[in-house]
Amino acid sequence: MTRTDDGEQAPDDVLVALADPIRRQVLATLAREGGATSTSLAANLPVTRQAVAKHLAVLDRAGLVRAHRAGREVRYEADLQPLRRTTRWMDTLTNQWEHRLNAIKDLAEGATEP
């Protein structure tokens with residue numbers, strides 16, 4: 001897990017985890033249903049249970065899922081807090097770029113005026 005200068009988890013792990021469409025589908029299912037096992041997740045996906053387990057491991061490293069043992073099964077639940085932090089980071093980045101682009105626009109428009 002990568003950390004930012006202020007100690008928060010860096011968005012890198014979240015962005016890598018969300019880069020795969022199967023992982024996005026797994027996370028969406030967990031967020032919608034509240035929790036599931038890798039077997040139940042695999043039943044609705046075009047991949048094996050073992051592949052789902054590997055995808056869950058990537059999501060876990062990013063902090064997007066939590067595993068809980070329930071008897072012989074391991075149930076996974078979505079943790080959307082890292083996604084919220086990543087969204088805030090992206091919003092900050094967007095604002096910085098908008099500010100820069102507006103400054104460039106102002107300079108360009110000012111250069112064309114007499």
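Colleague: How many bridges join β2 to β3?

Modeller: The model is a predicted one, and in it β2 and β3 are joined by 6 bridges and run antiparallel. Pairing requires at least two bridges, so the two strands count as paired. Within this pairing, H68 stands opposite R75 of β3.

Colleague: What makes β1 and β2 edge strands?

Modeller: The open sheet consists of 3 strands in the order β1-β3-β2, with antiparallel pairing. β1 (36–37) and β2 (65–70) each pair on one side only, and they are the edge strands. Helix α2 lies across β1, β2 and β3, at about 90° to β3.

Colleague: Why are α2 and α4 called roughly perpendicular to each other?

Modeller: The two helices pack at an angle of about 75°, and their axes are 10 Å apart. Angles of 65 to 115 degrees count as roughly perpendicular, and therefore α2 and α4 are given that description. On the α2 side of the contact are I22, R23, V26, L27 and L30, which meet H55, L56, V58 and L59 in α4. By class, the residues of this contact divide into 7 nonpolar, 1 polar and 1 charged.

Colleague: Why is H55 called buried?

Modeller: The relative accessible area of H55 is 13%. Apart from its neighbours within four places in sequence, H55 is in contact with D20, I22 and R23. Across the protein, buried residues make up 30% of the 114 residues.

Colleague: Which residues touch the most other members of the largest nonpolar core?

Modeller: This core has 20 residues, and those touching the most other members are V26, L30, L41, L56, L59 and L64. Two or more residues come from each of α1 (11–18), α2 (21–33), α3 (38–42), α4 (49–61) and β3 (73–78). In soluble globular proteins, nonpolar side chains tend to be buried together.

Colleague: How do you know that L56 touches residues beyond its sequence neighbours?

Modeller: Contact means heavy atoms within 4.5 Å. Not counting residues up to four places away in sequence, L56 touches V26, L30, S38, L41, V65 and Y76.

Colleague: In what order do the elements run from the N terminus on?

Modeller: The order is α-α-β-α-α-β-β-α, with 5 helices and 3 strands in the protein. Of the contacts between residues at least 6 apart in sequence, 49% join residues at least 24 apart.

Conventions
Residues are numbered from 1 along each chain as its sequence is written. This is a predicted model: local features need pLDDT of at least 70, side-chain atom pairs count only at pLDDT 80 or more; totals for chains, interfaces and linings use all residues. Side-chain values use heavy atoms; hydrogens and water are left out. A nonpolar core is a set of buried Ala, Val, Leu, Ile, Met, Phe, Trp, Tyr and Cys residues joined through side-chain atoms within 4.5 Å. Buried means under 20% relative accessible area, exposed over 50%, partly exposed in between (1.4 Å probe, protein chains only). Helices (H or I, at least four residues) and strands (E, at least two) are DSSP runs, numbered from the N terminus. Axes are lines fitted to C-alpha atoms, for helices over the stretch in contact, and angles run from 0 to 180 degrees between N-to-C directions. Angles under 35 degrees count as roughly parallel, over 145 as roughly antiparallel, 65 to 115 as roughly perpendicular and the rest as oblique. Ala, Val, Leu, Ile, Met, Phe, Trp, Tyr, Cys and Pro count as nonpolar, Asp, Glu, Lys and Arg as charged, and the others, Gly among them, as polar.
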